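Hi everyone, thanks for coming. Have a look at the structure on the screen, and I'll walk you through it.

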Number of protein chains: 2
Amino acid sequence: MPTIKDVAKLSGISRSTVSRVINNHPYVNEEKRMRVKQAMLDLGYVPNSSAQRLRGSKTKTIAVLISRIVNPFFSGLVDAMDTVATEAGYKLILCNTRGSKERELNYLDLLKTKQVDGVVFASIENDWSDIKPYLAYGPMVLCNEYTDQTDIPSFRINHFQATIEAVTHFIKEGRTKIAFCRGDETIGSNLGVDREKGFISALTSHHLSFNKQWLFRNVSSIEDGRNVMKKIERMTDRPDAIFTGSDEVATGIIAEAKISSIKVPKHLSVIGFDDQQIAGVITPGLTTIRQPINKLGEQTMQHMIHILTNRISFLGHTEVLTTEFIVRDT
Amino acid sequence: MPTIKDVAKLSGISRSTVSRVINNHPYVNEEKRMRVKQAMLDLGYVPNSSAQRLRGSKTKTIAVLISRIVNPFFSGLVDAMDTVATEAGYKLILCNTRGSKERELNYLDLLKTKQVDGVVFASIENDWSDIKPYLAYGPMVLCNEYTDQTDIPSFRINHFQATIEAVTHFIKEGRTKIAFCRGDETIGSNLGVDREKGFISALTSHHLSFNKQWLFRNVSSIEDGRNVMKKIERMTDRPDAIFTGSDEVATGIIAEAKISSIKVPKHLSVIGFDDQQIAGVITPGLTTIRQPINKLGEQTMQHMIHILTNRISFLGHTEVLTTEFIVRDT
């Protein structure tokens, strides 16, 4: 395989200048740059990125941790991040943790072994104390998820306020028996906790109490939504509204309602979360909380690249983006 | 930073044995393995994967080329591939080409610079003659897409037959004015060509002709489907059935029909492609062609890992998986 020495010999240009051309350093005379490039082409010389990495340059690769790519919320986030990353010459390694603490730590090892320059958490599984040691190996940014155990940069919405808005909407529409769905329980995250606090807060300020029978745990997919609806059908004391926390769960509930005696919204009012494409095309149209998915993904990645490019301190930046309440038919 | 030498010294074990432990070679006595691991832990020794790579070992990373991750067909494929890859200790780099020839070639450079061990094409943009030279740097496998310009391994369905089945269904239901949608035109791919051939073949064998006014090009999203419906509404001679080639396009058509004078399926019968989750939850339920998305993704990745693990020749393997025609309401 041809080496830098061969390129230098053929082009008649010093090895140090050839090296500068390969590493895209400035201050190389344009004519020399062209002669080096021509010699590289003639010889079939390929700069070995592994060798470049050993010499201290970066991988230009960022790990993105998500729970599952088939959730349109995550594929939307990754798509937005990818647009910004590609623009800046970075690649993304897709890290589907599938809710596993062990997989998450395996992916964090990529930082330790210098296979990625930084890590974006769009989902988080471990307690922060187990993640913190990896900060020694490179920067991390939180997107969507957040925890009060750390002050690393975080881009997110206000889940507490958004939930209050949704539940207050139910109450204004005359619903009083309100059910609540939550996703997987993650010890390292404040997201679920804040939604639950918002839910209780909205009920309390309208002198309503919470029937624990109407709390559904670990629901996140369309299939889970169908099962929630089946459970409600079997209840003697049924809720008349449900905060699903997810457009997918809401979609499952609406789909199941079509073959159920419980009709949406007549017997059961439904509010989703995200405003995914499906919310606008199913019948009845899903009332939901629109998250700025593109902005979340873009701003997170812009910040990560800013950190990597400028090698700056990366603590203490939190950006809370606004949501929009979208009223449709449910 | 501690080196292998330090680990050898602390553990009292030879450097070559330490190296075997680090590279997970078999035939190392279990007691020695534990002593080496303990010494690595005590010293905080981290095997540098860049260094490992230079010594000829592999990146354990595979590039997956798709056109866009927000299409549920692709996120489903990637999810299935990821399950198999993770199981085998491989990571995936997500390569969103967004239909760009240039981006595709940029991603192929990852093979050249030894940042990935192999490439899976789930979408293909360039002519094969431009992709072929990269085969010198590592194996490639096609998934979903295929072309008669090469005999590298390919996992796919029979698009010609599936289209004939769909169009024949229309004709049996008494529809005679059948429209056809196709995605982006890709010179390197036979997929679109085969669907079009199947379409014409089904019409011809039932003595029907094709009205070119009912050919819609470059449609692939829900938004595109809405626009197709608007165009049909403006026609004086309208089709009474439409082969959409995509559940997303079909969903857009059905959603737009709700605010249109053209009703589905009364005035316009619709058939999708893929059987994505949305097909079963929209109203009316979408009649479509089910692709074995999980199997496609899993078998492709299993084959890629088989090639990488056994360093075998990788030509001449084609697997054509079966589809299923799902009749719902449209």
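**Cores, interface and salt bridges**

Okay, let's start inside. The largest nonpolar core has 54 residues, and A:Ile62, A:Met301, B:Ile62 and B:Met301 are the ones that touch the most other members. By nonpolar core I mean a set of buried Ala, Val, Leu, Ile, Met, Phe, Trp, Tyr and Cys residues joined through side-chain atoms within 4.5 Å. Buried is under 20% relative accessible area, exposed is over 50%, and partly exposed is in between, with a 1.4 Å probe and protein chains only. There's also a second, separate core of 52 residues, which includes A:Ile253 and B:Ala257.

Quick housekeeping: this is a predicted model, so to speak, where local features need pLDDT of at least 70 and side-chain atom pairs count only at pLDDT 80 or more, while totals for chains, interfaces and linings use all residues. Residues are numbered from 1 along each chain as its sequence is written, chains are lettered from A and ligands numbered from 1 in the order written, and side-chain values use heavy atoms, without hydrogens and water.

Now, where the chains meet. On chain B, 45 residues are in contact (heavy atoms within 4.5 Å) with 43 residues of chain A. Between them the two chains bury about 3800 Å², 56% of it on carbon and sulfur atoms. Buried area here is the accessible area, with a 1.4 Å probe, that two parts lose on being put together, summed over both.

How many salt bridges cross this interface? The rule finds six, and it asks for a side-chain nitrogen of Lys or Arg within 4 Å of a carboxyl oxygen of Asp or Glu. One pair is A:Asp79 with B:Arg68, their closest N and O atoms 2.6 Å apart. A:Asp79 is buried, at 4% relative accessible area, whereas B:Arg68 is partly exposed, at 37%.

B:Asp237 and B:Lys177 meet in a salt bridge at 2.8 Å, N to O. Both sit in loops, so the pair ties together parts that are 60 residues apart in sequence. B:Glu256 and B:Arg226 make another, at 3.1 Å. B:Glu256 is in helix 11 and B:Arg226 in helix 10, so this pair joins parts 30 residues apart in sequence; helices here are DSSP runs (H or I, at least four residues), numbered from the N terminus. B:Glu256 and B:Arg226 are both buried.

How values were computed
Helices (H or I, at least four residues) and strands (E, at least two) are DSSP runs, numbered from the N terminus.
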